[in-house]
Amino acid sequence: MTALARALITLAVPVLLVLLAVLAVPADGPTCLGIGLRIWALFACAPATSAWLWWRQRAVPA
Amino acid sequence: MIAAFVAVMALSLLIALWARRGAGQGPRAFFVAGGQLGAILFFFLSVGETYSIATMLGFPGGVYAGGEGFVVWFFGYILLAAPVLAVLGPWIWRAGNLYGAVTIPDFFAAHFNSRLLERVIALGAIALLVPIGTMQFAGIRLVLGALAPGLPMPLLLAGAGLVVMAYVALAGLRAAAFVAVLKDALMLGAILLVGALALLHWPIATTPVATATMAAQVPVTLPFALSTIAVQALGFAMIPQNWAFLFAARGPQAIVRAQAAAPLYMVMFPLLMAVAVFARRMGLPVDKPDFVFLAAAQHLLPGWALGVVMAAVVLAGMVILSSVCLAIAPLLTRNVLPGLDGRAQQRWAQGVTALFIALSAAGAMAQVPLLAMLNTVFYFGIVQTLPGFLAALWTGRVRAGGVLAGMAVAALAIIGVRLAGISAGGINPGLIGLILNSVVLTLVTLMFPRRDGHSVMAMLR
């Protein structure tokens, strides 16, 4: 696989996660600590992105 | 409160002094820590933006005053900057190593063999960094005004400027990295403490708040939020001081590991948002939305702890200011005025650092209107070097003229869109400029390809 393809895959997953949280999760609805469901979904993207990047970095040479 | 604040500032200066130990000699040691920062120091330096003065003051302020669009934009761009840097960071490091670069224009000058391109990028970067300094001082001003309301503000800002110059003079980028550890430890502690106390005192019934304080500072629509995330997450990789941080890393793996941890480091954002909601529901008196976190801290913490929180926020601004000073000095002495001898280089570097601090502080004193707009303008401009860098990575056919033409068309388009007041469906003009920039660069390259060039990737193979 080329470096460009690897780079695009690494970027695409977090971008899709954010788009999913922002566009697919309704803005109204239940809240927790005054924070709506959409924003909680966005916050949940952070640990998921960390896990994804950590998994992807195995291939990077020191 | 003031004693605790001064104690933290004194501790930061001692840490900067301690950072001199093990520092090498020469400009590379001073400006990019000799490329020898270990994983932990590099992490704190490179992900420092996560807990910047904008995060502590601007994010809760935006939540307090604005709507969901602001959270999507602010959180989204910091989050996506991590994968962008995880992908581009190692290539920036390798490209810098290939050409012995210390700054972005160093790379462009060496790769495209063009002094004109080098100077245009250097002068553009210097001009665009001034609003960043102004924003740091605007935040510092807000804190110092609450800490010592009786003292004249110019004196307080001059004091902050002197501490920044002391960091720079004591150990260059190593001082910024060491102080960043103290800053982040205090920041995380402050958010955890204020957030936990806010949850413990969470109001059952909500108190209505005056409509004036609820008005949004900057209305943020979803198209603007998403396009701004794209511009700022991509632009993050082209910020001059971020290149210095990357060059300071020991290697590509250290960069990717730091960026992998960066999103997890954002774990405190829900607490920051909860603090803003708490302040609104409690009806705490807040003069400016950006003061909301400190207003909650004032309400919940004893005086000495509030002094420590205020010191943490001011440190965040000063760490960014010192790294921007360290980015501007080589832009001037290496790229705009090359050929100066060692002593002249040092004099010019000190002069431009002092001028940058003075201009930034003056901007904050003048209460430059629409700081959020200045921030967006910074990213409009700074991201425009990205197409040229990506082209250099993947092809050797691009000429300096193509990069310059792309950047010129982008600048004209952005200025035109703003002056004409065209809304473009709420899309960030920086993204429109970036797309036009890429199209022009491609067309010029197709018409006038370079024959003797090699891509960075090919040279690194």
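B:A312 sits in helix α15 (residues 303-336) of chain B; helices (H or I, at least four residues) and strands (E, at least two) are DSSP runs, numbered from the N terminus. With a relative accessible area of 0%, B:A312 is buried, where buried means under 20% relative accessible area, exposed over 50% and partly exposed in between (1.4 Å probe, protein chains only). This is a predicted model, in which local features need pLDDT of at least 70 and side-chain atom pairs count only at pLDDT 80 or more, while totals for chains, interfaces and linings use all residues. Residues are numbered from 1 along each chain as its sequence is written, chains are lettered from A and ligands numbered from 1 in the order in which they are written, and side-chain values use heavy atoms, with hydrogens and water left out.

- Leaving aside neighbours within four places in sequence, B:A312 is in contact (heavy atoms within 4.5 Å) with B:K183, B:L186 and B:M187.
- B:G402 belongs to helix α19 (residues 400-420) of chain B and is buried, at a relative accessible area of 1%.
- Not counting residues up to four places away in sequence, B:G402 touches B:L441 and B:V444.
- B:G402 and B:F278 are 124 residues apart along the chain, and their C-alpha atoms are separated by 52 Å.

**Chain B as a whole**

- Chain B has 21 helices and zero strands.
- The radius of gyration of chain B, taken over C-alpha atoms, is 22 Å, close to the 23 Å that the globule rule gives for 461 residues, so chain B is as compact as a globular protein of that length.
- The globule rule is 2.2 Å times the number of residues to the power 0.38.
- Taken along the principal axes, the C-alpha atoms of chain B fill a box of roughly 70 × 55 × 40 Å.
- Buried residues account for 60% of the 461 residues of chain B.
- Of the contacts in chain B between residues at least 6 apart in sequence, 87% join residues at least 24 apart.

**Helix α3 of chain B**

- Helix α3 (residues 39-46) of chain B is largely enclosed by the rest of the structure, because six of its eight residues are buried.
- The buried residues of α3(B) are B:L41, B:F42, B:F43, B:F44, B:L45 and B:S46.
- These buried residues of α3(B) pack against α8 (153-200), α11 (240-248) and α12 of chain B.

**Chain A**

- Chain A has two helices and two strands, which run α-β-β-α from the N terminus on.
- The radius of gyration of chain A is 15 Å, whereas a compact globule of 62 residues would have one near 11 Å.
- Along its principal axes, the C-alpha trace of chain A spans about 45 × 20 × 10 Å.
- In chain A, 34% of the 62 residues are buried.
- Among contacts in chain A with a separation of 6 or more, 48% come from residues 24 or more positions apart.

**Interface between chains A and B**

- The contact takes 34 residues from chain B and 31 residues from chain A.
- About 2800 Å² is buried between chain B and chain A, 82% of it from carbon and sulfur atoms; buried area is the accessible area (1.4 Å probe) that two parts lose on being put together, summed over both.
- On the side of chain B that touches chain A, α5 (68-99), α10 (222-236), α12 (252-261) and α13 (269-282) of chain B each supply at least two residues.
- The largest share of that side of chain B, 13 residues, comes from α5(B).
- Zero salt bridges are counted between chain B and chain A.

**Salt bridges**

- The structure holds four salt bridges over all chains, each a side-chain nitrogen of Lys or Arg within 4 Å of a carboxyl oxygen of Asp or Glu.
- B:D106 forms a salt bridge with B:R334, with the closest N and O atoms 2.9 Å apart.
- This pair links distant parts of the chain, B:D106 in helix α6 (residues 104-112) and B:R334 in helix α15 of chain B, 228 residues apart.
- B:D106 is buried, with a relative accessible area of 11%, while B:R334 is partly exposed, with 27%.
- B:R115 and B:E118 meet in a salt bridge (2.2 Å, N to O); both lie in helix α7 (residues 115-147) of chain B, three residues apart, about one turn of the helix.
- B:D452 and B:R450 form a salt bridge, with the closest N and O atoms 3.2 Å apart.
- B:D452 is exposed at 59% relative accessible area, whereas B:R450 is buried at 16%.
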